[in-house]
Amino acid sequence: SESPSGGGAFAFRTPSGVLPGRGALPNAPYTDASEAVFNIWRPARWANWMFEVEHYEPATGNFTFGRGGNQGARGENTGGDWFVENVFEELDAPGEFFFNRTTGDLFLFHNGTGAPPPGMEVEVPQLRTLINVTGTQWEPVRDLKLDGLTFRAARYTYMDPHGVPSAGDWALDRISAVFLQGVEGAVVQNSVFERLDGNAVMISGYARNTTIQDNDFAYLGGNAIVSWGYTNETETSGFPYYTPRTNYPDAGIDGTDGNHPRFNAILRNLAREVGLYEKQSSFYMQAKTAQSTISGNVFFNGPRAGINYNDGFGGGDELSYNLVFSTCRESGDHGPFNSWDRQPYLTTTRTGEPSMIMEWREIHHNFFIDNYSPQENIDNDDGSCYYRSHHNFLVYGGNGMKNDFGGHDNWQYFNIYAYAGVALDVVKTLPGHEDHFYGNRAILTGSSVGSPQCGGAQTQMSDNQYFTKDGKLSVCGKSLADVQKDGLELRSNVSTMPEDALVLDWAKSLLAVGESHLTIVV
């Protein structure tokens with residue numbers, strides 16, 4: 001679109017090249033840059049791009065980009081910080097290598113003392129996909145179980161074709177080490193996914209009741225688990241299978257044909273060190289997927305949001321009893337969870353009849369810590385709606401609750417917001433679609449509740465307990481006592497900051513620690 005809206009959006013474009021400043025590449029000029037790849041952050045570090053080099057001028061140092069730049073859906077006129085790889089002159093540190101495709105020579109900077117041992121073996125991953133399970137909606141693969149396996153050393157895929165899965169910020173390659181499409185009742189459990197240079201598991205297209213449970217994911221180039229359906233907006237499914245799509249191009253928002261994942265169960269997995277190459281990566285990401293259950297997982301050490309819902313397709317998802325921390329370690333914006341909803345979809349999820357309105361999503365009993373690039377623990381971005389977030393322990397963050405760019409029907413209640421800047425920052429809604437914020441405990445580092453809607457379709461706020469350094473709180477430009485005279489924040493109160501030990505006691509009680517799903521030693 002030439003007139004997009006939301007979150008700084010504009011028609012997609014990327015930089016066409018780079019002229020490095022003096023001294024930026026001390027090993028240049030290069031003899032041959034034809035196999036070089038530039039890795040470039042988008043400004044604000046929302047994603048990164050990779051480009052091949054189409055033309056290099058040694059005399060001026062100018063690089064003109066060729067293929068690439070498709071690794072994110074949010075373009076920009078300029079790039080951010082960057083580095084170059086796959087150039088012989090930059091082979092200058094232990095562990096690095098350079099492969100000359102023309103001569104077939106592999107150069108390796110030995111990571112050890114002295115010369116490499118005579119019998120040293122070098123393994124070069126060649127396969128993108130280690131197990132491919134592909135059926136159809138009409139002839140699905142049923143009741144497959146992968147149990148107790150180790151998956152290692154799939155090749156990188158960040159230069160492969162990517163697609164935009166829906167109207168969020170993401171671009172994805174529909175490739176993974178374990179690829180599941182056209183399946184019913186598939187189970188992947190008790191397995192190890194490590195040192196994979198792309199995505200680990202992808203649930204693609206038609207899938208019902210897929211369970212990914214009790215697995216260990218570590219050191220991945222892309223995402224741990226991706227779920228991505230179809231709505232026939234393109235003529236084929238794209239790389240690598242190019243399956244023809246029916247009803248193209250009329251069904252771009254129509255998900256009523258069922259060619260998407262439903263009833264995923266993502267349970268008790270451990271995932272860490274993901275997104276080593278593609279920074280717009282998460283532990284779990286879904287697009288054009290409905291009615292998933294993501295519960296009992298531990299996710300940490302990722303470059304971007306830990307869990308991402310890229311759209312509002314269908315809804316009916318449950319996100320519960322997860323521990324997520326140390327996310328957004330390399331990027332700006334977001335936190336443990338992020339959602340977008342810029343594009344409505346037609347599904348039957350909510351009532352069984354076609355509807356553009358999604359079923360409510362539940363986010364409850366999670367322990368989220370927004371300890372890097374803190375914005376929100378639950379970042380309901382760009383039009384997100386129909387969320388009920390409750391009984392969560394949410395630590396740090398600039399905001400407690402957020403809605404922006406047309407978001408609405410966001411209910412947050414019975415949560416603990418520990419050491420947030422403000423309690424909420426939301427936008428105008430239509431009458432009948434107000435946001436709700438009630439029954440929460442908010443320990444604030446400032447003295448303002450934030451930015452609720454104080455007139456018109458007011459944010460519905462009541463029964464909250466606020467804690468500030470001086471025991472005072474500003475709401476809609478007034479004191480709490482004065483705004484209550486206007487009928488806002490009824491039965492809410494404010495007092496001074498509680499002791500940390502008391503906050504932890506509240507959290508243990510809220511999450512029922514020691515009674516059911518989690519045990520946390522403090």
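**Group meeting: salt bridges, rings and a nonpolar patch**

D379 and K402 meet through their side chains in a salt bridge, 2.8 Å from N to O. The term means a side-chain nitrogen of Lys or Arg within 4 Å of a carboxyl oxygen of Asp or Glu. The pair links distant parts of the chain: D379 is in strand β31 (residues 378-380) and K402 in strand β34 (residues 399-402), 23 residues apart. Strands (E, at least two residues) are DSSP runs, numbered from the N terminus.

A word on the source. This is a predicted model, where local features need pLDDT of at least 70 and side-chain atom pairs count only at pLDDT 80 or more, while totals for chains, interfaces and linings use all residues. Residues are numbered from 1 along each chain as its sequence is written, and side-chain values use heavy atoms, with hydrogens and water left out.

Back to the pair. Are D379 and K402 buried or exposed? D379 is buried, with a relative accessible area of 0%. K402 is buried too, at 8%. Buried means under 20% relative accessible area, exposed over 50%, partly exposed in between (1.4 Å probe, protein chains only).

Salt bridges that share partners also join R74, D169, R342 and D382 into one network. The structure holds 20 salt bridges.

Next, R128 and D160. Their side chains meet in a salt bridge at 2.5 Å, N to O. R128 is in the loop between β7 and β8, and D160 in the loop between β11 (150-152) and β12 (178-184), so the pair links distant parts of the chain, 32 residues apart. R128 is partly exposed, at 28% relative accessible area. D160 is buried, at 8%.

Then R388 and E362. This salt bridge is 3.9 Å, N to O. R388 lies in strand β32 (residues 385-390) and E362 in strand β29 (residues 361-364), so the pair ties together parts 26 residues apart in sequence. Both ends count as partly exposed: R388 at 26% relative accessibility, E362 at 23%.

Now the rings. The structure holds 30 aromatic pairs. Rings of Phe, Tyr and Trp (its six-membered ring) pair if their centres lie within 6.5 Å; planes under 30 degrees apart count as stacked, over 60 as edge-to-face and the rest as tilted.

W360 and Y386 are edge-to-face: 5.3 Å centre to centre, 85° between the planes. W360 is in the loop between β28 (337-339) and β29, Y386 in strand β32, 26 residues apart. Both are buried.

Y396 and Y419 are tilted: 6.3 Å centre to centre, 40° between the planes. Y396 sits in the loop between β33 (393-395) and β34, and Y419 in strand β36 (residues 416-420), 23 residues apart. Y396 is partly exposed at 40%, as is Y419 at 24%.

One aromatic cluster takes in Y30, F38, W49, F51, Y56, F63, F65 and W82.

Last, the surface. Which residues form the nonpolar patch? F97, F99, L106, L108, M120, V122 and V124, with about 620 Å² of accessible area together. Patch residues have over 30% relative accessible area and no salt bridge; nonpolar side chains (Val, Leu, Ile, Met, Phe, Trp, Tyr) are joined within 5 Å, like charges within 9 Å. Accessible areas come from the Shrake-Rupley method with a 1.4 Å probe, and for residues only the protein chains shown count as cover. β6 (97-100) and β7 (105-108) each supply at least two residues of the patch. V124 is in the loop between β7 and β8 (131-134). V124 is exposed, at 51% relative accessible area.

Terms used: Helix = DSSP H or I, 4+ residues; strand = E, 2+ residues; numbered from the N terminus.
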